[in-house]
Amino acid sequence: MISESGRARIYKFDNVKLLVMVLVVVGSFAEEFTDKSDMFRSWFVFVSSFTAPMYIFLSGLFHKQYKKDSKPNIQKAGYYLILGILLKIIIFLMRRWNGEDVGLDMFGGATMEWYLFVVFMYNVTMYLLRRVDYRIVLIGTVLIGTLAGFLPLRDEFYLMRYCVFLPFFAAGYYLTPHTVRRFSHKTQVKLAGVAFLIVYFVLCFRMREAIYPLRMLFTGRNPYNIIPIEGCTFYHRLLCYGISAVLIISVLACVPNRKVPLLTRMGRNTLGVYFWHYPVVLLLWHVGAYDLLLPLGDPLWKITVLTIAVIVGLLLSMRVFSIPLKKLEALLAKLPLVPSLILYGVILAAAVVVNLVTV
């Protein structure tokens, strides 16, 4: 099959994106029960170890590299900005519907819209750094990610997550899909990847109390001084970077580069899964679905939660849920530069007003 760029489509990445996004949904469900189940604590730390950095790595991998004389892709950056604002408003309304006393902070927060805002910022960042040597950028992003933990930041403007996950976006940005495919296709990489995934998965369950505190580093939103690890500092961040990087390579190595009927095509719609899945989680809370599961007893209620999470991830991967997002993207892509700048300026101004009124 030939992709829109005229090159043979690499099915591995569609498969990987679907797998990772289903695991993101599993992680969102598991997080709701970490106070009720050790198993879900293990699931959550395992999934959070690599899903966010991997999806950000893939976002960078498929971002068109800027040349020194390139024009900024305002429409693409603005698309993520608008999606982030829309998702934030949807989540706010649903949380208020659920009876939570929350404000609408348009420029920060801990819920799922953070990814859309940081990808918007990464688009701008890589354009500004287009004349800088890639080696300097890669080293610099790792330094920024490790040093950010010393700053008193959390969810303000998503800056902590922006800094922490920037190395993964930059690494993907400077690589090519074919380079990644060739490396992950090597037999020794596959064998090592399978071994590491099995060992780390077992450790997340067998050494839960030792590994679980790392979750606050893997989520990328916490400074070192509030993480429940004695003497937590930059080398703990580097440890988590290493774990995430090896897990990313391992997953890429293990996922087949072949078209899987139905599933591979669903891997093209993962942004729709990301956008809609957390509102579904909140909706299930609102209708009391989770209260119906606990009486099922152990382990049936846990198996049911995981099954529902996988089903939700797969259902939201259907094309129909991505159509509104793709229509918006196509509409924005048609806008000339000046109208685009005016539109985004108006949207940002409106967000500032809303923030002043509601926070």
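In this predicted model, a patch is made of residues with over 30% relative accessible area and no salt bridge, and nonpolar side chains are joined within 5 Å.

Figure 1. Two elements give two or more residues to the nonpolar patch, namely helix H6 (134–147) and helix H12 (234–254). The largest share, four residues, comes from H6. Leu143 counts as partly exposed because its relative accessibility is 47%, a value between the limits of 20% for buried and 50% for exposed.

**Figure 2. A salt bridge between Asp35 and Lys36.** Side chains of opposite charge can pair when their charged atoms come close. The structure holds ten salt bridges, and one of them is shown here. The closest N and O atoms of Asp35 and Lys36 are 3.8 Å apart. Asp35 counts as exposed because its relative accessibility is 62%. Lys36, at 44% relative accessibility, therefore counts as partly exposed.

**Figure 3. A salt bridge between Glu113 and Lys88.** The side chains of these two residues meet with an N to O distance of 3.0 Å.

**Figure 4. A salt bridge between Arg221 and Asp155.** The side chains of Arg221 and Asp155 meet at 2.6 Å, N to O. This pair, too, links distant parts of the chain, its members being 66 residues apart. Arg221 is in the loop between helix H11 (215–218) and H12, and Asp155 is in the loop between H6 and helix H7 (159–174). Arg221 counts as buried because its relative accessible area is 18%. Asp155 is likewise buried because its relative accessible area is 17%.

**Figure 5. A network of salt bridges.** Four residues, Asp38, Arg41, Arg208 and Glu209, are linked in this network.

**Figure 6. The second largest pocket.** This pocket has a volume of about 770 Å³. Of the 35 residues that line the second largest pocket, Glu31, Phe44, Ala110, Met112 and Arg161 are the closest to its centre. The elements that give two or more residues to the lining are helix H1 (11–31), helix H2 (38–48), helix H3 (51–61), H5, H7, H11 and helix H14 (270–286). H1 provides the largest share of the lining, five residues. Sorted by class, the lining has 18 nonpolar, nine polar and eight charged residues.

**Figure 7. The largest cavity.** Rolling a probe the size of a water molecule over the atoms shows where empty space is left. The count comes to one cavity of 30 Å³ or more, and the largest cavity has a volume of about 70 Å³. The residues lining the largest cavity are Ser48, Ser49, Pro53, Val164, Phe165, Phe168, Leu217, Phe218, Arg237, Cys240, Tyr241 and Ser244. H7, H11 and H12 are the elements that give two or more residues to this lining. The largest share, four residues, comes from H12. By class, the lining of the largest cavity has eight nonpolar, three polar and one charged residues.

How values were computed. Residues numbered from 1 in each chain as written. Predicted model: local features only at pLDDT ≥ 70, side-chain atom pairs only at ≥ 80, totals over all residues. Heavy atoms only, no water. Buried < 20%, exposed > 50% of the residue type's maximum accessible area, 1.4 Å probe, protein only. 1 Å grid on protein atoms, 1.4 Å probe; cavity = no way out; pocket = protein on both sides within 12 Å on 5 of 7 lines; lining within 4 Å. Points joined across faces, edges and corners; volume = space filled by probe spheres on them. Nonpolar A, V, L, I, M, F, W, Y, C, P; charged D, E, K, R; others polar.
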